[in-house]
Amino acid sequence: MKRACDTEVRPAGQSIANRYSGKTVVAIGAHPDDLEIGIGGTLAKLRQHGAHVVMCVASIPRDYDVRIEEARRGAEVLGCELKILMDGGPQRIEDVKTCDLVGMLDDMIREYKPAAVLTHSKADFHNDHLLIYQACLPTQRLAYFDFFSYHPTNCRPVPIAFHPTAYVDVSDTIDAKMHAITAHASQFGGRGLDTEMYREFAHVQGRMIGVPYAEGLDVQRMVLA
């Protein structure tokens with residue numbers, strides 16, 4: 001005899017795919033590969049269910065031609081639009097004045113009018129990621145949109161105090177996430193690093209909500225009708 005919890009079905013109205021279908025979602029990462037690692041499965045899921053997803057990469061500090069091509073392939077795998085915030089050649093986020101960085105992000109919010117923004121977390125340990133998170137915070141003054149942070153991204157396992165307050169079931173898009181990550185060959189295959197830890201981590205996150213694979217988010221702001 002099955003228990004009620006064994007047959008529980010989540011209402012479609014509660015899904016992130018349903019919430020943003022037909023709307024624009026902007027995901028912001030400091031560098032190429034940050035978005036694929038942090039929320040690749042979520043972005044693929046949103047796109048598959050009718051959202052217009054913009055993957056905004058803030059900067060490419062070195063190997064510009066190689067990394068921008070990898071970023072294009074990663075975005076193509078996930079079905080998303082790619083935008084390079086600091087375009088035109090190698091640039092470092094820490095070399096840009098805070099007011100200028102905020103201004104660039106403001107312009108993007110005005111252009112895309114997103115229903116949701118996803119970016120780095122205040123729990124991150126990478127200074128560039130923290131600079132992007134801090135610069136994203138003031139954009140909330142421009143419009144009413146949902147605002148999420150994703151798990152800190154890294155190429156090797158690092159202990160991090162990040163505690164999701166929401167989870168996205170990415171069981172049906174985990175393969176797209178992994179394919180998009182491997183598009184960044186210069187960061188993984190070229191350095192002898194294994195990408196399977198991202199699948200394993202998504203599996204651990206999935207156990208938190210009873211699904212095969214998930215990605216955790218921290219809700220910074222959510223607009224409820």
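## Where α2 meets α6

Glu 36, Ile 37, Gly 38, Ile 39, Gly 40, Gly 41 and Ala 44 are the α2 residues that touch α6, and their partners there are Ala 176, Lys 177, Ala 180 and Ile 181. Keep in mind that this is a predicted model.

Two packed helices are described by the angle between their axes and the distance between the axes. Here, the axes of α2 (residues 34–48) and α6 (residues 174–182) come within 8 Å, with a crossing angle of roughly 135°. That angle makes the pair oblique. As for handedness, α2 and α6 cross in the right-handed sense.

## Where α4 meets α5

Next up is the pairing of α4 (98–112) with α5 (residues 127–136). On the α4 side, the contacts come from Leu 101, Val 102 and Leu 105, and on the α5 side from Leu 131, Ile 132, Ala 135 and Cys 136.

How do the axes of α4 and α5 cross, and within what distance do they come? They cross at roughly 60° and come within 9 Å. The α4–α5 crossing is right-handed.

Now for some strands. β2 (52–57) pairs with β3 (residues 81–84) in the parallel sense, and the pairing runs over 4 bridges. Within this pair, Met 55 sits opposite Leu 82 of β3. To get from β2 to β3 the chain goes through α3, making a β-α-β crossover that is right-handed.

On the way, the chain passes through a loop between β2 and α3 (64–78), and that is where you'll find Asp 63. What is the phi of Asp 63? It is near 50°, a positive value in a residue that isn't glycine.

Most residues other than glycine have a negative phi. Look for Lys 113 in the loop that links α4 to β4 (116–119).

Is Lys 113 buried or exposed? Its relative accessibility is 66%, and the cut-off for exposed is over 50%, so Lys 113 counts as exposed.

Note on methods: Residues are numbered from 1 along each chain as its sequence is written. This is a predicted model: local features need pLDDT of at least 70, side-chain atom pairs count only at pLDDT 80 or more; totals for chains, interfaces and linings use all residues. Side-chain values use heavy atoms; hydrogens and water are left out. Helices (H or I, at least four residues) and strands (E, at least two) are DSSP runs, numbered from the N terminus. Buried means under 20% relative accessible area, exposed over 50%, partly exposed in between (1.4 Å probe, protein chains only). Two strands pair if DSSP finds at least two bridges between them. A crossover is right-handed if, with the strands pointing away from the viewer, the path from the first strand over the helix to the second runs clockwise. Axes are lines fitted to C-alpha atoms, for helices over the stretch in contact, and angles run from 0 to 180 degrees between N-to-C directions. Angles under 35 degrees count as roughly parallel, over 145 as roughly antiparallel, 65 to 115 as roughly perpendicular and the rest as oblique. A crossing is left-handed if the near helix is turned anticlockwise from the far one by less than a right angle, and right-handed if clockwise. Contact means heavy atoms within 4.5 Å.
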